[in-house]
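Thanks for asking me to look this one over. Here are my notes, in numbered points, to read with the model open beside you.

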Amino acid sequence: MPNIRHTPTAPTRAQHLAAGARIDAHRHDDHQIVYAGSGVLAVTTDAGTWFAPGTRAIWVPAGTVHSHRAHGHLDLHLVGLPADDNPLGLDAPTVLAVSPLLRELIRAYTRDPADDRPERHRLLAVLRDQLRASPRQPLRLPTPTDPRLAAVCALVHTDPADPRTLAALGAATGTSERTLSRLFRREFGMTFPQWRTQSRLYHALRMLADDVPVTTVAHRCGWSSASAFIDVFRRSFGYTPGTHNRRCP
């Protein structure tokens, strides 16, 4: 990526980003926890895009070149950790579940970055313990490297409601269903239906952050009914899409 900004120390702070705002490609020598108390956060690297609503956070390892994108108004919280302090043992971006306790710890720790009192250091110790206990979530859209796979992914991203089967999409792009199925498993580690559900959920989160009605989101993202969409959304995120923008004050 050109014009990559290098900030040796990952900032710890809270900030607001307007809908559609971006933080361009940059990297830190420190690890970073990125949490959006409202809106939907997307973190993109060369390897793909990780996305998180207010019940999730994204772990960004030290040295990772990444950019941020806000969907809806973001109440953004950033926690930096030194490169030799990796409580998760992760070397790739990862989406983590955020419990109510972890959410409040992140918000309290980022409230006053200049505070150096012992109480705040103890707060960070509890935050790290909670991070280790956080389940990891497969909320990622990998970047395809094979051009045949990229062509199919582009069709689905352009129209999430596209009902065509993998065979039909392959016919439209000149690649057999068998080859595409193999590519999805080899490059993404998932089947085409699994990947398409991830893609649709990502688009659904973006629309919900912009206050698009649930029924409209379900239709535009390819679910057969609003109830089917609500069921998949609840199983993926633990709450209903109708309460999405009311999760965190």
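Predicted model: local features only at pLDDT ≥ 70, side-chain atom pairs only at ≥ 80, totals over all residues.

**Notes on the strands, the helix and the rings**

1. Arg 56, Ile 58 and Val 60 point one way from strand E7, while Ala 57 and Trp 59 point the other way, and all are buried. Buried here means under 20% relative accessible area, exposed over 50% and partly exposed in between, with a 1.4 Å probe and protein chains only.

2. Residues are numbered from 1 along each chain as its sequence is written, and side-chain values use heavy atoms, with hydrogens and water left out.

3. Trp 59 stands opposite Ile 33 and opposite Thr 94 in E10.

4. Elsewhere, 6 strands form an open, mixed sheet in the order E1-E3-E8-E5-E6-E12. Strand E1 (5-7) and strand E12 (140-142) stand at the edges with a single partner strand each, so one side of each has no neighbour in the sheet. E6 (residues 48-52) and E12 run antiparallel and are joined by 3 bridges, with Trp 50 opposite Arg 140. Helix H6 packs on this sheet, touching strand E5 (40-45), E6, strand E8 (66-71) and E12; contact means heavy atoms within 4.5 Å.

5. The structure holds 11 aromatic pairs. Rings of Phe, Tyr and Trp (its six-membered ring) pair if their centres lie within 6.5 Å; planes under 30 degrees apart count as stacked, over 60 as edge-to-face and the rest as tilted. The Phe 51 and Tyr 202 rings have centres 5.0 Å apart and planes at 45°, so the pair is tilted. Because Phe 51 lies in E6 and Tyr 202 in H6, the pair ties together parts 151 residues apart in sequence. Both Phe 51 and Tyr 202 are buried.

6. Finally, Asp 210 sits in the loop between helix H6 (192-209) and helix H7 (214-220). Asp 210 counts as partly exposed because its relative accessibility is 49%.

Technical notes
Helix = DSSP H or I, 4+ residues; strand = E, 2+ residues; numbered from the N terminus. Pairing = 2+ DSSP bridges. Axes fitted to C-alpha atoms, helices over the stretch in contact; angles between N-to-C directions.
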